[in-house]
Amino acid sequence: MNDEKEFTEVIKAIKVRHNNVVPTMALGVQQLKKDVDPKIINQDFVEIHQFLDRFYMSRIGIRMLIGQHVELHSPNPPPHVVGYIHTRMSPVEVARNAVDDARSICSRQYGSAPDVHIYGDPDFTFPYVPAHLHLMVFELVKNSLRAVEERYMNSDKDPPPIRIIVADGLEDVTIKISDEGGGIPRSGLRKIFTYLYSTARNPLDEHADLGVGDNVTMAGYGYGLPISRLYARYFGGDLQIISMENYGTDAYLHLSRLGDSQEPLP
């Protein structure tokens, strides 16, 4: 038992030590992007993209396993929670918390934040990992808030609300996030899931001395969408983005509720 306790402490320390890996890697990619000729960037760094996909997917798997093991040692687990997995997770409630977090960052950066309306049954629950869902909804809502805020910044009109719809199907729970933030041109849609593309300005242009502390910026690193899609795929779901240029964007987040998918090892 003592060996097992020590083992748990060691892997817990490893997990904490690697908390900043994603922003650090993203910063590296941005520095690369800044130093390399834009013509080369536009040819799409296929190898870098594939490497990062594999790297982040294994990271999600490793952190899931370590987190599950460590959480199972929690002396007072909340009801219906088994390690990282909540057997009665309410997607509406998780979405609400993610929206609050995203709106507070938006308010901090722009001074205001558009409203977000959530539609769905708050009593509906299914087994999932709340931390994963929070991360995905947070990233998608953050993108929508920024798009709407920047589109209506100098307008007399009130910014239209962002709508989140939670639908519970037999196979999938689908969460749709719709905004009227101007959309993405069709030529850009192919690139939105690559790590070198962001519609925001490169954060390195604005903060030359940017460290890798806990700064959560609104955008610019270009890893929010590809990593959110990996989290969705890890449990057999997916993320799709449909856009109408000069109107807005719909993000469809599919979460598998069958529990029969195998881990998609890279």
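View 1. D53 counts as partly exposed because its relative accessibility is 23%. Buried means under 20% relative accessible area, exposed over 50%, and partly exposed in between, with a 1.4 Å probe and protein chains only. The model is predicted: local features need pLDDT of at least 70, side-chain atom pairs count only at pLDDT 80 or more, and totals for chains, interfaces and linings use all residues. Residues are numbered from 1 along each chain as its sequence is written, and side-chain values use heavy atoms, leaving out hydrogens and water. Helix α4 spans residues 46-71 and holds D53. Helices are DSSP runs of H or I with at least four residues, strands are runs of E with at least two, and both are numbered from the N terminus.

**View 2. D53 meets Y195 and L230.** Leaving aside residues up to four places away in sequence, D53 touches Y195 and L230. Contact means heavy atoms within 4.5 Å. The side chains of D53 and Y195 make a polar contact at 2.7 Å. Such a contact is a pair of N or O atoms within 3.5 Å; within protein, one must be able to donate a hydrogen and the other to accept it, and residues adjacent in sequence count only if both atoms are side-chain atoms. D53 and L230 are 177 residues apart along the chain, yet their C-alpha atoms are separated by 7.6 Å.

**View 3. Y56 and Y195 form a tilted aromatic pair.** The ring centres are 5.5 Å apart, with 40° between the planes. Rings of Phe, Tyr and Trp (its six-membered ring) pair if their centres lie within 6.5 Å; planes under 30 degrees apart are stacked, over 60 edge-to-face, and the rest tilted. Y56 lies in helix α4 and Y195 in the loop between α7 (186-189) and α8 (203-206), so the pair ties together parts 139 residues apart in sequence. Both Y56 and Y195 are buried.

**View 4. Ring pairs link F124, F126, Y128, Y234 and F235 into a cluster.** The whole structure has seven aromatic pairs.

**View 5. L133 and L253 in the largest nonpolar core.** Of its 57 residues, L133 and L253 touch the most other members. Domain 1 (1-73) and domain 2 (85-256) both give residues to this core, so it lies between them. Domain bounds come from an automatic or database domain assignment. A nonpolar core is a set of buried Ala, Val, Leu, Ile, Met, Phe, Trp, Tyr and Cys residues joined through side-chain atoms within 4.5 Å.
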